[in-house]
Amino acid sequence: MQQVSPPPSPRARKRKLASHDPAPSRLKYRIERLKLTPGFRFATRVLLPCALGFGAVSLWFSAEENRNAFNQMIVDMRETVESRPEFQVKLMAVDGASAGVAEQIRAALPIDFPISSFDLDLGKMHETVVNMHAVKTAQIRVREGNILQIQIEERVPAVLRRGDRGLELLDDTGALVGPAQTRSDHVMLPVIAGDGAHDAVPEALELYKVTGPLRSRLRGFERMGARRWDVVLDQGQRIMLPEDNAVRAFERTIAMDQAIQMLSRDLIVVDLRLPQRPTIRMGSDATEALWAAKQE
């Protein structure tokens with residue numbers, strides 16, 4: 001006869017249910033919650049792969065032969081790209097410059113064509129060109145057709161300066177343009193001289209504009225003490241202008257000469273340095289004649 005086991009007691013039944021409880025433990029619950037946080041998901045999906053990849057690359061580059069092979073590969077790739085026909089510059093074009101200045105630019109930039117555009121230092125070339133006295137501004141670029149174009153704006157000579165180095169050409173700002181061979185090559189330009197004359201070129205040009213009937217007798221303008229101008233005429237005559245309002249004082253002198261032919265007489269100096277008290281200095285013949293007239 002089969003024996004029937006007694007039913008488990010309530011305590012045993014409770015112990016059995018507790019051992020098979022499907023609810024997770026506290027630690028497991030916290031781990032599951034951590035996996036669901038954005039920070040943990042970003043770290044496992046992004047940061048961890050990046051860290052592993054960076055570590056692998058660093059380990060590979062730690063070997064010197066690997067580094068040398070990689071650098072050589074970069075050099076080969078660059079040379080392959082730079083040597084392509086579309087990057088080869090074959091000609092130089094200098095626009096806006098006279099023949100002499102263009103020749104100076106070509107001599108200052110000795111480039112062996114063809115050359116890759118990657119090998120051209122346009123910044124250094126621009127600095128070389130604009131440092132030339134005759135060049136006011138310059139633009140350098142590689143234009144269509146693989147041509148190195150240099151667009152030049154030359155300085156325009158405005159005056160001749162006579163100094164220790166001979167005759168030099170200056171533009172209307174007083175910047176040096178270049179040397180001048182003879183005065184006869186630039187008869188249309190006024191001559192300036194004296195200390196600081198190049199710093200007052202604009203004022204000298206204003207004086208030159210109002211010379212009018214005296215222009216045929218004008219020999220030049222001399223800067224005195226780097227403060228004011230003397231107008232030098234032929235026959236040894238000199239008009240001493242004041243520091244301020246020199247152009248107006250010069251215009252009054254020209255008007256007076258037109259009225260009484262003052263400068264046609266035996267005068268050496270017309271001194272206008274004191275506008276309230278202009279004075280004149282006569283020549284020896286005029287002085288003797290005046291003295292004889294007083295004796296009579």
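Guide: Let us begin with a pair of residues: Leu-170 stands opposite Leu-176 in S8. The model is predicted, so local features need pLDDT of at least 70 and side-chain atom pairs pLDDT 80 or more, whereas totals for chains, interfaces and linings use all residues. Residues are numbered from 1 along each chain as its sequence is written, and side-chain values use heavy atoms, without hydrogens and water.

Visitor: What makes S7 and S8 a pair?

Guide: Strands pair if DSSP finds at least two bridges between them. Strand S7 (residues 166–170) and S8 have three, in the antiparallel sense, and therefore meet the criterion. Glu-168, for instance, has Pro-179 in S8 as its bridge partner. Five residues lie between the strands of this hairpin, where Gly-174 takes a positive phi near 95 degrees.

Visitor: On what basis are helices and strands counted?

Guide: Both are DSSP runs numbered from the N terminus: helices are H or I with at least four residues, strands E with at least two. The protein chain has nine helices and 14 strands.

Visitor: Why are S8 and S14 said to stand at the edges of the sheet?

Guide: The open sheet has nine strands in the order S8-S7-S6-S9-S10-S11-S12-S13-S14, with mixed pairing. Strand S8 (176–179) and strand S14 (279–282) each have a single partner strand, so one side of each lacks a neighbour in the sheet. From one strand to the next, the twist averages 25 degrees.

Visitor: How do you know that helix H7 packs on the sheet?

Guide: Contact means heavy atoms within 4.5 Å. Helix H7 (residues 201–209) touches S6, S7, S9, S10 and S11, and its direction makes about 145 degrees with that of S10. Axes are lines fitted to C-alpha atoms, for helices over the stretch in contact, and angles run from 0 to 180 degrees between N-to-C directions.

Visitor: What makes a space a pocket and not a cavity?

Guide: On a 1 Å grid over the protein atoms alone, a cavity is a set of points where a 1.4 Å probe fits but cannot get out; a pocket is an open set with protein on both sides within 12 Å along at least five of seven lines, and lining residues have an atom within 4 Å of a point. The largest pocket has a volume of about 220 Å³, a volume being the space filled by probe spheres set on the points, which are joined across faces, edges and corners. Among its 13 lining residues, Val-101, Gln-104, Ala-134, Val-177 and Gly-178 are the closest to the centre. S8 gives the largest share of this lining, three residues.

Visitor: Why is Gln-235 called exposed?

Guide: Buried means under 20% relative accessible area, exposed over 50%, and partly exposed in between (1.4 Å probe, protein chains only). Gln-235 has 65% relative accessibility and therefore counts as exposed. Gln-235 lies in the loop between S11 and strand S12 (238–240). Across the 296 residues of the protein chain, 29% count as buried.

Visitor: What makes the backbone at Gln-235 and at Pro-114 worth noting?

Guide: Most residues other than glycine have a negative phi, and most peptide bonds are trans. Phi of Gln-235 is near 60 degrees, a positive value. The peptide bond from Phe-113 to Pro-114 is cis, with omega near -5 degrees; Pro-114 lies in the loop between H5 and strand S3 (115–116).
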